Amino acid sequence: MDVKDILNNRCPIRDTVEIINRKWTVILLWDMFNGYERFNEFRQINTDLSSNVLSDTLKFLINQGLVSKINDEYNTKYVLTEKGKSLNKIMYELGVYGIQSEDYECCRKEIKEYFREIFEI
């Protein structure tokens, strides 16, 4: 079968966009790359995110294999899986694109270095 025929039936780019295009998905991935792990942390830094939507989005990320839910005797943590971490280049490029705005002219270099660090680029 021809690759073009395969891609006409199913497109990996479309599949990926359908995952990351879901509202709050990229924001929660960003939060996790930044070291946030707990439900209440996500709520505190995303004040316009309701508990129900947060819960649904975390379940979605778990079902997609991007996040693992880890329960210990005191807390629940949400951490990126290897599959989730493999989005690092996409997240990095989104960030680099975003800092082209004049709003970030003052500290573009420092932000780009921070992105390299957290996305391990």
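The text below goes from the overall layout to the individual salt bridges.

The model is predicted, so local features need pLDDT of at least 70 and side-chain atom pairs count only at pLDDT 80 or more, while totals for chains, interfaces and linings use all residues. Residues are numbered from 1 along each chain as its sequence is written, and side-chain values use heavy atoms, with hydrogens and water left out.

**Overall layout**

The chain contains 8 helices and 2 strands, where helices (H or I, at least four residues) and strands (E, at least two) are DSSP runs numbered from the N terminus. Their order along the sequence is α-α-α-α-α-β-β-α-α-α. The C-alpha trace spans about 50 × 40 × 25 Å along its principal axes.

Of the 121 residues, 29% are buried; buried means under 20% relative accessible area, exposed over 50%, and partly exposed in between (1.4 Å probe, protein chains only). The chain exposes about 8,500 Å², and carbon and sulfur atoms supply 48% of that area, computed by the Shrake-Rupley method with a 1.4 Å probe. Among contacts (heavy atoms within 4.5 Å) between residues at least 6 apart in sequence, 50% join residues at least 24 apart.

**Charged side chains**

There are 17 positive and 20 negative side chains, and the centres of the two sets lie 4 Å apart. Lys and Arg count as positive and Asp and Glu as negative, with His and the chain ends not counted; each charge is placed at NZ of Lys, CZ of Arg, CG of Asp or CD of Glu.

Side chains of opposite charge can pair when their charged atoms come close. The structure holds 3 salt bridges, each defined by a side-chain nitrogen of Lys or Arg within 4 Å of a carboxyl oxygen of Asp or Glu.

| Acidic residue | Basic residue | Closest N to O distance |
| D15 | R10 | 2.8 Å |
| E113 | R116 | 2.5 Å |

E82 and K85 are 3 residues apart in helix α6 (residues 82-85), so about one helical turn separates them. E82 is exposed, at 61%, and K85 is partly exposed, at 40%.

E113 and R116 are likewise 3 residues apart, in helix α8 (residues 108-118), and about one helical turn lies between them. E113 is partly exposed at 42%, and R116 is partly exposed at 29%.
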